[in-house]
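Please look over the structure below.

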Amino acid sequence: MVSLIISFIVLILGYIFYGSFVEKVFGPDDRMTPAYAKADGVDFVPLKTGKAFLVQLLNIAGTGPIFGALMGACFGPVVFLWIVFGAILGGGVHDYMCGMISERHDGASIAELAGKYMGRVTRWVIRIFGVLLLLLTGTVFVTSPATLLARLTPDVLNVTVWEVIILIYYVLATLLPIDKIIGRLYPIFGVVLILMAVGIMAGIIMGGYSVPEISLENLHPEGLEVWPFMFVTVACGAISGFHATQAPMISKCITGEKEGKKIFYGAMLSESVIALVWAAGGVAFYGATGGLFQALENLGQSGVVYDISTGMLGPVGGILAIVGVIACPITSGDTAFRSARLIIAEIFKMDQKSIKNRLIITIPLLAVGAVLTRLDFNILWRYFSWSNQTLAMIVLWVASVYIADNNSNRFIPMITAIPAAFMSAVSATYIILAEEGFHASPRIAYPAGFIFALGCFITFITYIRRVIHNEAD
């Protein structure tokens, strides 16, 4: 328990000190934000800071920091280190830079930002990659809440019925102005989400559950290696490229640049707190990583959430906790499809004030999502997780180029370049090693991942030197 409490304290200190350093590097000022400069009543709508924070938190905190944290906890308490330092040094920086760079470019998507700073090829790679990730995200966040809702309702309301209901809601949330549904419901769901995490933490303490202290020992029952599998399994809660698809949506709504740290960096670290609570709750409730792993195998992620919630908090508290877990994915799934609509609209330069144009994009998107719900959830999750980390890698490199272009100090871009190189190694090693990738041996995958990351880093250092040389001329 001591390690868990220390983890919370480190996250708070990380927000106060490292978050302020990152903010200083970016240099927010008092310029007019796109929420006012490009107000359209649909996507560019000013939101108060508190509401913008809760909307951003709900956007990014789907089942990722819950399901991912539970699966990551199977590796043992080493997962606490990844969640804490991954969020402070990687995820928080990733989200803040993406959101604020987007704000500086009139709320542009990460694909457009990548094109500006890394060229047309990168723009198209991220356009395709981003839309694919958002479709996978939206689909994952249909299946998981539908499964939980089916457990709580009469048999006539089975998983398929709930999937249809959720998809209908997604159509409305994707089409309507952001302040009509998302802006009104998300703050309420945000409070529920926070109370749910507080409830699970209270259940751990009051129930006398034992939370293991941090160690580097790999405790995965099947011997799955920490590197790179844990770093992909726990995406949301540490660092997630999906957040880069959500931050530009809120960058269109913030009322001042100096609010960015609270909204973007703050929401990321708040998500990390949620991930820590569920990782600790999973191991504490089942007694060991072996028990948690078997529960995940036998009951699935939704079943484990149900058992932990009702087991720790009783029937009433359990239902309240599950409502929070249901709200999380639904409120990320709808914004996933909304973000996909905005990216596609950018590609084809379709004005989104027109309801007709929004329908032309939205209906096919949701139709594809409906088809994808028929696929195996575990397969979808694995590709979703790898896509998450690969997009995070690209976004961090984009941010590194932006900082290099706007800062004369050659060492400052390292705040994004070092985590970018780390994520490059994670992403490359995983896809080479994993069964759903090339399924190569560790003797090939580990060196190849390192060489790829080193190559990316050397390329970036060369770019910095060229920028400095050009400035000197």
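## Tyr170 and the nonpolar core

Leaving aside residues up to four places away in sequence, Tyr170 touches Gly138, Phe141, Val142, Pro329, Ile330, Gly333, Asp334, Phe337 and Leu366 in this predicted model. Tyr170 is also among the residues with the most contacts inside the largest nonpolar core, together with Ile66, Met97, Trp278 and Phe460. That core has 159 residues. Helix H13 (residues 289–348) supplies the largest share of this core, 18 residues.

## Val395

Val395 sits in helix H15 (residues 377–405). Its relative accessibility is 3%, so Val395 counts as buried. Not counting residues up to four places away in sequence, Val395 touches His94, Cys98, Ile110 and Ala244. The C-alpha atom of Val395 is 9.3 Å from that of Thr416, and the two residues are 21 apart along the chain.

## Cysteines

The structure contains zero disulfides. For Cys98, the closest cysteine sulfur is in Cys236, 14 Å away, which is too far for a bond; a disulfide needs the two sulfur atoms within 2.5 Å. Cys253 is likewise in no disulfide, and the nearest cysteine sulfur, that of Cys98, is 14 Å away.

Cys98 is buried at 3% relative accessibility. Cys253 is buried too, with a relative accessible area of 0%.

## Salt bridges

The count of salt bridges is 10. One of them joins Asp30 and Lys258, with the closest N and O atoms 3.4 Å apart. Asp30 lies in the loop between H1 and helix H2 (34–37), and Lys258 in the loop between helix H11 (242–251) and helix H12 (260–286), so this pair ties together parts that are 228 residues apart in sequence. Asp30 is exposed at 68% relative accessibility, while Lys258 is partly exposed at 44%.

Arg31 and Glu257 form another salt bridge, at 3.6 Å from N to O. Because Arg31 is in the loop between H1 and H2 and Glu257 in the loop between H11 and H12, the pair ties together parts 226 residues apart in sequence. Glu257 is buried at 0% relative accessibility, whereas Arg31 is partly exposed at 40%. Arg31 also meets Asp29 in a salt bridge of 2.8 Å, N to O, and Asp29 is partly exposed at 26%. Asp29, Arg31, Arg104 and Glu257 are linked in a network of salt bridges.

## Nonpolar surface patch

Ile5, Ile9, Ile12, Leu13, Ile16 and Phe17 form a nonpolar patch on the surface, and together they have about 570 Å² of accessible area. Ile5 belongs to helix H1 (residues 2–26). At 43% relative accessibility, Ile5 is partly exposed.

Conventions. Residues numbered from 1 in each chain as written. Predicted model: local features only at pLDDT ≥ 70, side-chain atom pairs only at ≥ 80, totals over all residues. Heavy atoms only, no water. Buried < 20%, exposed > 50% of the residue type's maximum accessible area, 1.4 Å probe, protein only. Patch = residues over 30% accessible without salt bridge, like charges linked within 9 Å, V, L, I, M, F, W, Y side chains within 5 Å. Areas by Shrake-Rupley, 256 points an atom, 1.4 Å probe, with all protein chains shown as cover. Salt bridge = Lys/Arg side-chain N within 4 Å of Asp/Glu carboxyl O. Helix = DSSP H or I, 4+ residues; strand = E, 2+ residues; numbered from the N terminus. Core = buried A, V, L, I, M, F, W, Y, C linked by side-chain atoms within 4.5 Å. Contact = heavy atoms within 4.5 Å.
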